[in-house]
Amino acid sequence: MNEFLHKMRKIEIVVEAEDVKLVEDALRDAGLGGWTILRDVAGMGHGGFHQARTIFNDQTGLVMFVGVGPAEAITAATQRVGSIFRHKPGVLFVSDVEVLRSDYFVAA
């Protein structure tokens with residue numbers, strides 16, 4: 001292992017754009033210090049092809065969140081997002097990653 005790299009976990013969440021606030025609250029409550037939001041995500045799913053919708057309304061289409069943090073925060077985030085998925089559609093992925101500047105991935 002590179003002495004400059006630090007082990008962390010990564011969470012990726014795809015939801016409908018109207019559910020952005022729910023996911024943001026879940027990530028914040030779990031203790032993540034930040035995340036990236038990718039709007040107008042397209043791809044193939046159970047319901048067929050989901051096309052990105054580039055229109056004037058940011059409440060339609062799919063959004064992907066990417067966050068990195070300590071294992072404890074990612075575990076807490078999966079539990080919170082899992083409760084959202086009881087009533088809303090979406091997918092969640094978790095993986096091990098290594099990062100430079102690990103202090104960037106800890107909540108202040």
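Val41 has Leu62 of β5 as its bridge partner, and Leu62 also stands opposite Glu16. Another β5 residue, Phe65, is the bridge partner of Ile37. Strands here are DSSP runs of E with at least two residues, helices are H or I runs of at least four, and both are numbered from the N terminus.

A word on where this comes from: the model is predicted, so to speak of local features takes pLDDT of at least 70 and side-chain atom pairs count only at pLDDT 80 or more, while totals for chains, interfaces and linings use all residues. Residues are numbered from 1 along each chain as its sequence is written, and side-chain values use heavy atoms, with hydrogens and water left out.

Now the sheet. It's an open, antiparallel one of 4 strands, ordered β2-β5-β1-β6, where pairing takes at least two DSSP bridges between two strands. β2 and β6 are the edge strands, each pairing on one side only. From one strand to the next, the twist averages 20°.

| Strand pair | Sense | Bridges |
|---|---|---|
| β1 and β5 | antiparallel | 8 bridges |
| β2 (residues 36-41) and β5 | antiparallel | 5 bridges |

As for β5, 7 of its 8 residues are buried, so the rest of the structure largely encloses it. Buried means under 20% relative accessible area, exposed over 50%, and partly exposed in between, with a 1.4 Å probe and protein chains only.

Which α2 residues are buried? They are Ala73, Ile74, Ala76, Ala77, Val81 and Ile84. Their arc around the axis is only 160°, which puts them on the same side of α2; the arc is taken over directions from the helix axis to the C-beta atoms. Exposed Glu72 and Gln79 sit on the face turned away from that buried side.

The largest nonpolar core has 18 residues, and those with the most contacts inside it include Ile11, Val23, Phe65 and Ala77. Such a core is a set of buried Ala, Val, Leu, Ile, Met, Phe, Trp, Tyr and Cys residues joined through side-chain atoms within 4.5 Å. α2 gives the most to this core, with 6 residues. Leaving aside residues up to four places away in sequence, Val23 touches Ile13, Val15, Phe65 and Ile84, contact being heavy atoms within 4.5 Å.

Technical notes: Axes are lines fitted to C-alpha atoms, for helices over the stretch in contact, and angles run from 0 to 180 degrees between N-to-C directions.
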